[in-house]
Amino acid sequence: MKKRQLTLISLVLMVFTSIFNFVNIPRAFYLMGYAAIMWYVIAAFCFFLPFAFMVAEMGSAFPNAKGGIYTWMAKAVSPKYAFVGVVMWYTSFISWMLNTSSIIWIPISTAIFGVDKTQNWHLFGLSDVQTLGILASLLVILVTFIASRGLSKFKLITSIGGSAMLLASFILIVGGSLILILNGHPLQPLSFASLIKSPDPQYASAIGTLSFSVFAVFAFGGIEIISGLVDQTKNPEKTFPRGVTISAIMITLVYCLGIFVTGMFTNWNEVFNQGSHVNLGNEAFIAMNNFGYQLGLALNFSHHVAVEMGLWTARYIGFSMFLALMGAFTTVIFSPIKQLVEGTPAKLWPKFIQKTKNDLPVNAMKVQAALVIGFLLLVSFGGSNAKAFFQIVISMTNVAMSLPYLFIAFAYMQFRKKDNVARPFTFFKTDRSAKVASIVVLLTVGLAIIFTLIAPVLQGQVMNTVWMILGPIIFASVALLGYRHYEKKNM
C-alpha cells in the first residue's frame, strides 16, 4: 500500500501547530510591549528559517536513526560530542518540567476563579512560592506514576488544549481589532519609540532589550521535530522549503499581529505595572481577563457585565492551557528520557537505568522525578517571591532549551563537510551558504543566551544567573564524566 505523503498545505499546518504557542503573544507584550515585534521578526529570519532547513537536511540524511539528534551529532562530529549534546538537550526538558509543574497551578486557579489566586495559597504555614514547590513536586510524582504504568497516551487532551489555544489567538486578534474600531484608538500609546523600547524598565536598557532575544528564539523552539517530515513530504526538494518558509511567515505574522493587537486593549502601566502581582506565570491570564473586560466596555455593556466577561475569558484560557500543558507533560515525562537512554550506547548506562517496563525506562523516570523535585525544592525554598521565582524558572527553561541549538548548529557545519553521507534533501546548495547559515544561528542563539545571563548580574540579581547556568553545568559535567568512564571500560 502506498504511503500517504504530505502536501504543501498539510505540511504548513503541521509545522504551524507544532511550533506556535499562544502564550508567547501576551508574554512578549508584557516584557517588551510593541518592541517585541522587531525581535520576533529577527528570530524568525536569523534562527527559525536557517535552523529548520539544517535539521531537515540532517534528518533526511539519517531517516532511520533511533538516536535522533544523538545520531546526527555522532556521525557529524564524534560520539563524545553527541553524548554531551544530547544530555544538554535532555537537560532542557528537566527545566521545562521544572517550569511547567510550577506554572500549571496558575491556569488551574484561573480556570476555577477567573483570576490567579496562587499567591494566596499557603499550605502548613508555608509561603506561596514554597506551596507551589510542594504542589509541583506532588504533580511530578503523580504524572511519573501514571506514565510509568503505560497510561501516557493523552493525545486527545493535548489536541483539545492545543486547538483551544489556537482559537484563543483568533479571538484575540479579531476581538482586539474590534476594540480598536469601537474605541477609535489603541489603549497602549503607539509611537516610533514604543516600537523599539520596552515600557518595562527592566528591559528598557540595551542589555535588557538584548536579553529578550532568548524569549524570541524560544517562541520558535521545537523546530527539530520537523526533521522527520522530509521523507513524508510529496516532492520534498520543492515542497519542503516552500512549506517551511510559508509556515515561518505565518507564525511570525500571527505572533506580530497578536502582539500589536494586544496593545489595542492593554494599557501596559494600568494592566501590567502592578509590582509582584504580575509575573511570568500569570501574565497571559491577566492580559486575557483584561481583553474580556475591555471588549465589554467597548460594546457599552455595564461594568458588572464587563468584569464577568473578563473572568470567563480568563477561565477559558486557563482551562485550555491546563489541558495543553497536562497533555504535553505526560509526553515529556517519558519521551526525552526514553530517547536519551535507548538512543545512546547501552554501555553508557548502568543496568538499573536500562530497566524497562511497559516499553518505558521506569527506573530512569524515577531518577528523573527525583532530579526535578530536587531542583523544585531548591528554587522554591530559596527565599524568592512569586515574581522572582517565575522569572528564574522561565529564564532557566529558555536558556536550557536554547543551548542544544548551539550543539546542533555546530554539528551541521561538520555534517556538510562529510562527503560520504547521502543527502536526499539539500536546501543550502553551496558549502559557503551552509556555513553562513550555521554562523548566523550560532551568533543569534549564543548572543541571546549571553545577554540573558548578563542582564540579571547588572541588575544585582546574581543568583538568577547562577540558577540559569547551574543545571547545564551539572549535566554537562556528569555527561563528560560518564563518557570518560565509558571510554575507559571499552578501550
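This report covers salt bridges, helices, surface patches and backbone angles in a predicted model.

Residues are numbered from 1 along each chain as its sequence is written, and side-chain values use heavy atoms, with hydrogens and water left out. Because the model is predicted, local features need pLDDT of at least 70 and side-chain atom pairs count only at pLDDT 80 or more, while totals for chains, interfaces and linings use all residues.

**Salt bridges**

A salt bridge here is a side-chain nitrogen of Lys or Arg within 4 Å of a carboxyl oxygen of Asp or Glu. By this rule the count comes to four salt bridges.

| Pair | N to O distance |
|---|---|
| E283 and R27 | 3.0 Å |
| R416 and E57 | 3.2 Å |
| E342 and K338 | 3.2 Å |

The closest N and O atoms of E283 and R27 are 3.0 Å apart. E283 lies in helix α13 and R27 in helix α2 (residues 24-32), so this pair ties together parts that are 256 residues apart in sequence. Helices are DSSP runs of H or I with at least four residues, strands are runs of E with at least two, and both are numbered from the N terminus. Both E283 and R27 are buried. Buried means under 20% relative accessible area, exposed means over 50%, and partly exposed is in between (1.4 Å probe, protein chains only).

The side chains of R416 and E57 meet in a salt bridge of 3.2 Å, N to O. R416 lies in the loop between α18 (386-415) and α19, and E57 lies in helix α3, so the pair ties together parts that are 359 residues apart in sequence. R416 counts as buried at 6% relative accessibility, and E57 is buried with a relative accessible area of 0%. E57 and R416 are also linked with D431 in a network of salt bridges.

E342 is partly exposed, with a relative accessible area of 27%, whereas K338 counts as buried at 18% relative accessibility.

**Helices**

Helix α19 (residues 431-458) has 28 residues. From its first C-alpha to its last, α19 reaches 40 Å, close to the 40 Å expected at 1.5 Å a residue; the expected span is 1.5 Å times one less than the number of residues. Just after α19, G460 takes a positive phi of about 80°.

Why does helix α4 (residues 69-76) count as largely enclosed by the rest of the structure? Six of its eight residues are buried. The buried residues of α4 are I69, Y70, T71, W72, M73 and A76.

**Surface patches**

Patches are made of residues with over 30% relative accessible area and no salt bridge; like charges are joined within 9 Å, and nonpolar side chains (Val, Leu, Ile, Met, Phe, Trp, Tyr) within 5 Å. Accessible areas come from the Shrake-Rupley method with a 1.4 Å probe, and for residues only the protein chains shown count as cover.

M38, I42, L190, F192, L195 and I196 form a nonpolar patch on the surface, with about 530 Å² of accessible area together. Of these, I42 lies in helix α3 (residues 36-61) and counts as partly exposed at 34% relative accessibility.

A patch of positive charge on the surface gathers R149, K355, K357 and K366. Lys and Arg count as positive and Asp and Glu as negative, while His and the chain ends are not counted. The place of a charge is taken as NZ of Lys, CZ of Arg, CG of Asp or CD of Glu. R149 is in the loop between α7 (128-148) and α8 (155-183) and counts as partly exposed at 42% relative accessibility.

Most residues other than glycine have a negative phi. F124 has a positive phi near 55° and lies in the loop between α6 (105-113) and α7. F124 is exposed, with a relative accessible area of 81%. N300 has a positive phi near 65° and is found in the loop between α13 (283-298) and α14 (303-332). N300 is exposed, with a relative accessible area of 71%.
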